[in-house]
Amino acid sequence: MDAHRSRGLAALLVLLLSVSACASIPEDSEPKAVKEVDGSNTTIPINPPPPDIDALALVRSFVDKAASPASNHESARKHLAESIERDWTPPPGMLIVENVDTIPVATPQPLPDGVQLVTLRADRIGRLLADSSFVPESGEFAVDVRVERQSNGQWRITTPPPELVASKTSFSSTFRPVPIYFLDHDLTGVASDLRYVVAQPATTLPRRVIDLLTSGPSEGMRQAMRTAIPPGVHPKTNTTEAADGAMDVNLSELGDVSPEMRELIAAQVVYTLEGVSSARVRIKEEGVPLLPDGKDLRPTDMEQYEADNVQRPDLPGLAVVDERVLVLDRNARPIPGPAGSGEYDVVRAGRSPHGDKFAAVTRRPGGVVLRVGNFGEQLSELPTVGNYMSKPTWRGDEEAWTVVDGRDVVRVVDTGGEWSPQTVDTRALPPGRPITDLRLSRDGTRIAAVIDGSVVVAGVAEQDGHAVLQRPVVLRAPQDMQVTSVEWRQDESLVAITNSNNYPVYDLSVDGFRWEPYTAANLGQPLTAVTVGPGGQVVVADRNGIWQSRDTDDVWSLTDAPIGGASIPFYPG
């Protein structure tokens with residue numbers, strides 16, 4: 001068959017499958033097919049389990065193949081008996097596990113010949129939800145699976161688990177994390193929502209991520225993030241690469257949308273596609289250019305929608321040292337004003353993202369008090385007092401947040417020269433447990449907190465002028481280590497310090513799926529603080545000094561600042 005005819009048949013097949021998919025199956029399901037197709041349009045046979053595989057190994061193999069949705073989960077389906085194979089329909093979502101083991105079940109009565117009952121045991125990692133987001137789970141998973149010998153002598157499963165159970169290894173090799181971009185808390189920039197997309201065929205990745213974009217934020221972020229794309233708008237045609245190499249995105253009619261909203265829609269589309277394609281993006285509405293100039297777009301054309309949520313490289317790090325605030329450089333000079341001179345006894349502090357505002361927790365008789373104002377000037381003493389306050393964190397330049405006495409989350413809002421304290425609604429957080437640290441994401445849509453030694457991430461919603469924390473997710477550290485502090489590294493990742501000598505610092509995904517340890521070389525416990533500088537540089541303080549690292553494999557090196565141990569470094573944000 002010549003190449004021209006092959007491409008014609010392939011195009012026809014894609015068209016037929018897309019039409020039938022719209023008519024009969026959900027948008028996030030895989031169309032049924034006989035072969036799995038990879039990104040190069042070559043067919044890959046899906047083989048059955050090895051001949052003469054025993055019942056225990058068969059169940060383990062089933063879990064290893066379950067993550068792949070290709071050809072209606074054909075890889076997993078081939079482990080089932082013919083009597084149930086055709087009608088087996090796994091429910092939406094997927095339980096992801098590790099440390100998979102299979103054990104023969106000792107039954108009170110002997111089983112018939114050719115029948116075995118196998119207990120599948122594993123450790124829960126988390127769950128892929130129907131909206132393609134991941135939420136962590138913990139604890140043991142156990143289920144009994146019935147396996148029977150078939151007429152051809154091969155073992156096959158006759159009672160599979162009631163839910164789709166996949167190993168972490170197979171999930172990681174089948175899915176890839178992709179940030180889907182929505183709007184930040186003040187609707188002026190983009191914010192990412194991490195989702196998991198089937199990696200192959202690679203040619204369909206743009207379609208998959210645009211489908212997720214037009215479907216809106218994940219369930220956990222639906223109240224915290226917004227979208228400029230009106231409800232009911234979906235791709236009018238398949239999102240594919242055009243003949244000239246541009247990525248063609250053709251949306252259905254938007255309705256009455258302002259020019260500003262069209263620009264935001266373009267930013268959402270361009271940044272979302274950046275995660276799966278390097279092509280320039282051509283955005284249309286019903287075949288007509290979305291924007292007046294009609295030019296193809298790249299992320300550099302949309303920089304203004306990301307700039308507010310990216311750290312400024314021109315603002316230096318600071319550190320609280322002996323109750324004064326110093327600049328984190330080789331001169332270690334005090335900052336201007338009473339926070340640097342020693343007039344205030346500063347315990348912890350935070351600078352706003354643009355550097356204009358400053359918040360400091362300072363000592364007072366019987367406890368501490370929060371002060372806020374312009375950087376380098378006198379800071380107003382607020383009625384926010386307590387025995388303990390966490391390091392202040394900023395939401396834009398108008399709000400500073402802190403935790404008072406491990407219990408109350410307070411934000412102070414600039415109301416035009418006056419700072420007004422408000423209590424944040426934290427009823428959704430784990431009750432009765434101390435909050436020892438809290439950091440706002442740079443886009444203002446989420447918080448990461450340390451609660452009872454675990455990282456907790458929650459969305460920030462606004463209801464009647466009040467901030468409400470919603471849908472918290474607990475991200476427990478590996479091996480039951482205790483987290484002592486946390487900071488945002490990027491929109492989709494955090495860095496946490498722990499009480500472990502072997503693994504004192506971790507880089508972790510915002511949903512807790514990935515925990516990657518930094519080397520422990522040169523660090524000594526206890527670590528007293530963590531912060532993140534421009535470019536993702538991680539800075540931690542221990543009893544000997546302030547250390548920095550750019551990658552998990554790097555050996556920690558001392559910063560240039562002549563500052564000793566037990567200090568509290570911080571960057572704006």
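A polar contact is a pair of N or O atoms within 3.5 Å; within protein, one must be able to donate a hydrogen and the other to accept it, and residues adjacent in sequence count only if both atoms are side-chain atoms. The model is predicted: local features need pLDDT of at least 70, side-chain atom pairs count only at pLDDT 80 or more, and totals for chains, interfaces and linings use all residues. Numbering starts from 1 along each chain as its sequence is written, and side-chain values use heavy atoms, without hydrogens and water.

**View 1. Helix α2 and its N-terminal cap.** Helix α2 covers residues 55-65 (a DSSP run of H or I, at least four residues, numbered from the N terminus). D54 caps its N-terminal end. A side-chain oxygen of D54 lies 3.0 Å from the backbone nitrogen of L56. Buried residues (under 20% relative accessible area, 1.4 Å probe, protein chains only) include A55, L58, F62 and V63.

**View 2. Domain 1 and domain 3.** The domain assignment, automatic or from a database, gives domain 1 as 55-163 and domain 3 as 318-570. Their C-alpha centres lie 44 Å apart. Domain 1 brings 5 residues to the contact and domain 3 brings 7 (heavy atoms within 4.5 Å).

**View 3. The interface.** About 420 Å² is buried between domain 1 and domain 3 (accessible area, 1.4 Å probe, that two parts lose on being put together, summed over both). Carbon and sulfur atoms give 73% of this area. F134, P136 and S138 supply 79% of what domain 1 buries against domain 3.

How values were computed:
Buried < 20%, exposed > 50% of the residue type's maximum accessible area, 1.4 Å probe, protein only. Helix = DSSP H or I, 4+ residues; strand = E, 2+ residues; numbered from the N terminus.
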